[in-house]
Amino acid sequence: MTTTDPALSPRTLARQRRRASVARFWRQYRAERAGLYGLAVLALCALLALFAPLFVGSDVSSVTDAPGRPMQSPSAGFPLGTDQFGRDLLGLVVWGSRVSLLVGLLAAVLSVAIGTLIGVTAGHFKGWYATVMMRITDWFLVMPTLVLAIALATVMSRSLTTTVVAIGVTTWPTTARLVRAQTLAVETRPYIERARALGGGHWHIMSRHVLPNVMPLVLAQTTLIISTAILAEATLAFLGLGDPTVVSWGGLLQDAREAGAVSAGDWWYLVPPGIAIAVVALAFTLCGRAVESVLNPRLGVSR
Amino acid sequence: MTADATPALVEDKQQTAAGPRVRKGSAYPRYLAGKVAGAAVSLLAVLVTSFFLFRLIPGDPVKTMTGGRQVSAEQLAAYRREFGLDLPLWRQFTDYCGKALTGDFGTSYQFRAPVVDKITEALPNTLLLTGTAFVLYTALGIFLGTRSAWRRGGLGDRVNTGLALTLYSIPSFWLGLLLIIVLSVGIGPIPGMFPTGGMESGGKEGFAYVVDVAHHLVLPVVTLVAVEYGQTLLVTRSALLDEMGSDYLTTARAKGLRDDLVRRRHAVPNALLPTVTLIFINLGRTVAGVILVETVFSWPGLGGLFYQALSVPDLPLVQGLFFVFAAAVIVMNTLADLVYPLLDPRVAR
């Protein structure tokens, strides 16, 4: 038996155990077909966004030396047509994926980080700290997320940081709730008592014992929040609250509306960015649901 | 002796007060008071936030009001006095709170009209739009969700769930714009059948007016229903799936009830319990989430007003609307909390 082998250090053992659980997770995840599709789409989009500079060049968003005439419908030269400045829409949509994905990821990471921090600490330290933190969480929970995000984006300067902060600061409460519940459950287990008896401090218990146990939940939550964040980014950009100097999918839709593409019936201008948003948001949702149902089999059956 | 007797006395009193009634009756008023107090605290917090959040906007509100025109210093000072902007911040804050409690949110910078008037003017339009959409998507979500769960794993279930998830991932404003292009402007063989925006064409009265408004209502409502029904569907579906293994359903079937009677009379009412909370929360959320759809369809409601106010920015109007949106969600959440124990007595202890 490897577990009793005295030659193995605890560190090696821990690493082995972790590798085994990752392998088990992947085996179960593979059984979720929708999750696999989502993952494949995401991998494709990530590759496209990463290697975008290879096929579209950073001057794609330049207004001054645009390659085509304004508002051309799709043709061999411009497969998706051109915008009001004569820029290639295919290039813009590919280029826009970089900002949309980046903002979605960063906002979700910020949101989940805040939620996890508050959730773990509120679950670990009981008493007035937890009460105050949970009151704040509840308050954020009842606030209409979109309205608050719009308000925040309005009062700050127009930049990507603003968008990330506005989304991150308004979407964390659900994570905080979930993580706190899980923390409370973990803290009642005997090994936490053992760690405390051996002299483990607050930091040790939270980082070494509680955090690894809430990590799977945090992972599922991040995946689900990314899709919310991507939609929120598109919404803010569409309302003209994004950074006007960068190209994003929501920003393209706003440009289309301002250029009169709607009343002119230029559907080819509006369709691609919207489909891109929907496909990526759906892919993240599918992945998130698959991760959730692997981690919580009871949910997996009922969903 | 006295120390021993007091708790017993108190207990006695409580028992006589609650004695003949059901246990629910004794717990509910306290539960109700707690929830209402919590909601009041939240509303106050929203009021405070709405004041301070929008003071962070850089720039001078008076300059925005004059729209960059050349104005003399005396005139600027007069504007400041008119809107109370010459007072120190804490005086502005106390004034704001005091007036807000009496329902006065100040005067809109751009419309030169009381904020309350602008809000009450737009509110019925928003309620018409969200109300219609809310009824439709709730009914559709519950109907399809039940069907889906009852035939779990079948083709219908997979199509339903997939469609709901897809529509849920679509930005509402994009769907609205597409509907306008396809059905209002018209492409190819499809003629423009619906108006591109607004709420009425004007100059109509009586029944013709009602028809006209309904005609304008179609596309915004379709957009809202499409993006919102998915959530209700998924929640109803998983709630019903949780009930499906229950013994009482086996009993109902064993006594020979038809399948759809088992579903309608036994399974669905129980499965709807968790959905009720969602329904109320959705109602509050829809009022706030209608900003985009109203902007896209130029619907003269609260959301469109919010967008207009933001672009100025018209501080008093933004503050007032922010308060209304947040209050809608808080009030609906509280209502959900209050109704739930009446439907499911287990919750109220």
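Mentor: UniProt positions are given here in the numbering used for this model, and such annotations may be inferred rather than shown by experiment. The model itself is predicted.

Trainee: Which residues of chain A does UniProt list as "transmembrane region"?

Mentor: The unreviewed UniProt entry lists residues 34–56, 99–120, 132–153, 159–179, 214–239 and 267–288 of chain A under that name.

Trainee: What does the model show over residues 99–120 and over residues 267–288 of chain A?

Mentor: Residues 99–120 of chain A are 100% helix and 0% strand, with the end C-alpha atoms 31 Å apart. For residues 267–288 of chain A the values are 100% helix and 0% strand, again with 31 Å between the end C-alpha atoms. The entry also lists residues 97–288 of chain A as "domain: ABC transmembrane type-1". Over that range the chain is 84% helix and 0% strand, and the end C-alpha atoms are 20 Å apart.

Trainee: In chain B, how many helices and strands are there?

Mentor: Chain B has 14 helices and zero strands. Of its 349 residues, 34% count as buried.

Trainee: What makes the span of helix α7 of chain B close to the expected one?

Mentor: The expected span is 1.5 Å times one less than the number of residues. Helix α7(B), residues 155–168, has 14 residues, and 20 Å is expected. From first C-alpha to last, α7(B) reaches 20 Å, so by that definition its span is close to the expected value.

Trainee: How do you know where the buried residues of α7(B) lie around its axis?

Mentor: The buried residues are Asn160(B), Thr161(B), Ala164(B) and Tyr168(B). Seen down the axis of α7(B), they fall within an arc of 90°, and therefore line one face of the helix. In general, an α-helix has 3.6 residues a turn, so residues three or four places apart point the same way. What covers the buried residues of α7(B) includes α6 (115–150) and α9 (206–244) of chain B. The face turned away from the buried side carries the exposed residues Leu155(B) and Val159(B).

Trainee: Why is Arg237(B) called buried?

Mentor: The definition asks for 20 or more other C-beta atoms within 10 Å. Arg237(B) has 28 C-beta neighbours inside 10 Å, and therefore counts as buried. This residue is in helix α9 of chain B.

Trainee: With which residues is Arg237(B) in contact, leaving aside neighbours within four places in sequence?

Mentor: Arg237(B) is in contact with Gly145(B), Ser148(B) and Ala149(B). The C-alpha atoms of Arg237(B) and Asp157(B) are separated by 9.6 Å, although these residues are 80 apart along the chain.

Methods
Residues are numbered from 1 along each chain as its sequence is written. Chains are lettered from A and ligands numbered from 1 in the order in which they are written. This is a predicted model: local features need pLDDT of at least 70, side-chain atom pairs count only at pLDDT 80 or more; totals for chains, interfaces and linings use all residues. Helices (H or I, at least four residues) and strands (E, at least two) are DSSP runs, numbered from the N terminus. A residue is buried if 20 or more other C-beta atoms lie within 10 Å of its own, exposed if 12 or fewer, and partly exposed in between; C-beta atoms are placed from the backbone. The arc is that of the directions from the helix axis to the C-beta atoms. Two residues are in contact if their C-beta atoms, placed from the backbone, lie within 7 Å.
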